[in-house]
Amino acid sequence: MLDIKMFRDHADVIRADHDKRGIAHDSIDEVIRLDEAWKKTRYDADQLRRQRNQAARGIAEAKKAGDSTEAERILAEVASLGDQIDELGIEADNLVNSRDTLRMKIPNILHQSVPVGENEDGNTLHSKHGEKGEYTFTPKTHNELVDQNNWVDLPRAAKIAGSRFYFLKGDLARMELALQQYAIDCLTAKGYTFVQPPVMMNRSAYEGVTDLSDFETVMYNVQPEGFYTIATSEHPLTAMFMDEVIEPSMLPLKMVGVSPCFRREVGAHGQSDKGIWRVHQFTKIEQIIISKPEDSWELHEELLTNCVELWDSLGLHYEVVNICTGDMGTVAAKKYDLEAWLPGVDAYKEVVSCSNCTDYQANRLRMRYRTAEGNEAVHTLNSTAVATSRALVAIVEQNQMEDGLVQIPEVLQPYMQGQKVLQSCKW
RNA sequence: GCGGACGUCGCAUAGCCUGGUAUCGCGCCGGAUUUGAAAUCCGGUGACCUCGUGUCGCGAGAGUUCGAAUCUCUCCGUUCGCGCCA
């Protein structure tokens, strides 16, 4: 959510940003209109409250002085004030609620380095890492490979849960765990604190970190408590300091989180999403930073550097893409994606997303830090380190051999008792 | 699940019984003093607005009242005891 001061003092900046994104200004104008109406109504209500408070003080004094006639007189005079105050108060509440409901939907201000484009075709190449491997045979898709080796059981998962769930089995499941440990070790070595978050959140905290439409399409709602299962550990870790004033000496707060991630994937279909590429549940190791505003752009680059080092060390070929205006969501001010090459389909597909959300989430979460001038909103950043299901797909496809077995990346071998090749499951 | 206690500005705490201006301390910021620092002293330190002798704010919401941190109810959270439990 953008600071209301942006609408009052720098509406031109928001308008220019909407122009870049190619969206109309209607909502901005409406927020400004509602804000002015709220300020006026609020002022009127305050004036009445002031009258009432003065009267109440008068009554207190009169009673102390033992003058009950005077007390009765003031009481009669202000008898109707309460109703008027209630009326104006409700009106003011309605106005400010409408204002903020609308304000929540207005996207973050983009960084100037974000390329302008209508859709994902406008994303620009930031950097290339590694080379396409050369195969003396026709590379298979990960679906064919996990099927051939009995590493994934989709039909039985569908039977007991539903489509887009999976059993992960044998050596592939072992490598999944190795990936988790390796990624966590890499980041804790860089000074990031390992945190395991709750995997469910209440609605009010969740509203602080996500696009409102996600409640209808992304998160599972768990009854009877009404919790939401997290779609990524970004959400609990970012919301962790909700409603707090953080000591500046604690910043920047760097965390590496691991959690299962749950996604309903409403409306998501298509041949390319078969197998374990797009699923309802997967594990993700996530980097989170909470920082002072002046440090966030440098730290955004640090997050990307961490990803690059991690993915390079796995020996994988991928590209880094700078997401354009038309492909950016509501929350991020700038976003890099890592797209790994999948030889089975000869395409680059998203495996990592690295965002600077500036003060957008912090404003919603009322998450501030102390400065000489007062309390100011912090900046929040997040980046995938490894989403294991997708990393497995990239490894399986890129490291496949002619017999359909898969070489284990060297850095993961120590986590698998030195094993070098993933073996098939018997059943 | 049952029963009790508790929730007050960044932290810590008083006020609650008996309704009538949000207390003291620490930390932090500014000023005085100092070559500098420490110590000391003074002031400030939640949010909002049309910036006032203004309004709101004591976990959230509702109620009683001219007026609620204070009384009543519901909910949330923390904690202790009992029960169940990996």
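How far does a polar side-chain atom of Asn-53 lie from a phosphate oxygen of RNA strand B? The separation is 3.0 Å, and the views below set this pair in its surroundings.

This is a predicted model, in which local features need pLDDT of at least 70 and side-chain atom pairs count only at pLDDT 80 or more, while totals for chains, interfaces and linings use all residues. Residues are numbered from 1 along each chain as its sequence is written, chains are lettered from A and ligands numbered from 1 in the order in which they are written, and side-chain values use heavy atoms, with hydrogens and water left out.

**View 1. The two domains of chain A.** Chain A is divided into domain 1 (4-105) and domain 2 (120-422), with bounds that come from an automatic or database domain assignment. Their C-alpha centres lie 43 Å apart. The contact (heavy atoms within 4.5 Å) takes 5 residues from domain 1 and 9 residues from domain 2.

**View 2. The interface of domain 1 and domain 2.** About 560 Å² is buried between the two domains, 54% of it on carbon and sulfur atoms; buried area is the accessible area (1.4 Å probe) that two parts lose on being put together, summed over both. On the side of domain 1, Lys-20, Arg-21 and Met-104 lose the most area to domain 2, together 85% of what that side buries. Across this interface the rule finds 0 salt bridges, taking a salt bridge as a side-chain nitrogen of Lys or Arg within 4 Å of a carboxyl oxygen of Asp or Glu. It does find 4 residue pairs in polar contact, both residues at pLDDT 80 or more, a polar contact being a pair of N or O atoms within 3.5 Å; within protein, one must be able to donate a hydrogen and the other to accept it, and residues adjacent in sequence count only if both atoms are side-chain atoms.

**View 3. The surface near RNA strand B.** Of the 18 residues around RNA strand B, Arg-8, Tyr-43, Asp-46, Asn-53 and Arg-370 come nearest, where near requires a heavy atom of the residue within 4 Å of the strand. Helix 3 (residues 26-64) gives the largest share of this surface, 14 residues; helices are DSSP runs (H or I) of at least four residues, numbered from the N terminus.

View 4. Among the atoms of RNA strand B within 4 Å of the protein, 62% belong to sugar or phosphate and the rest to bases.

Definitions and conventions: Helix = DSSP H or I, 4+ residues; strand = E, 2+ residues; numbered from the N terminus.
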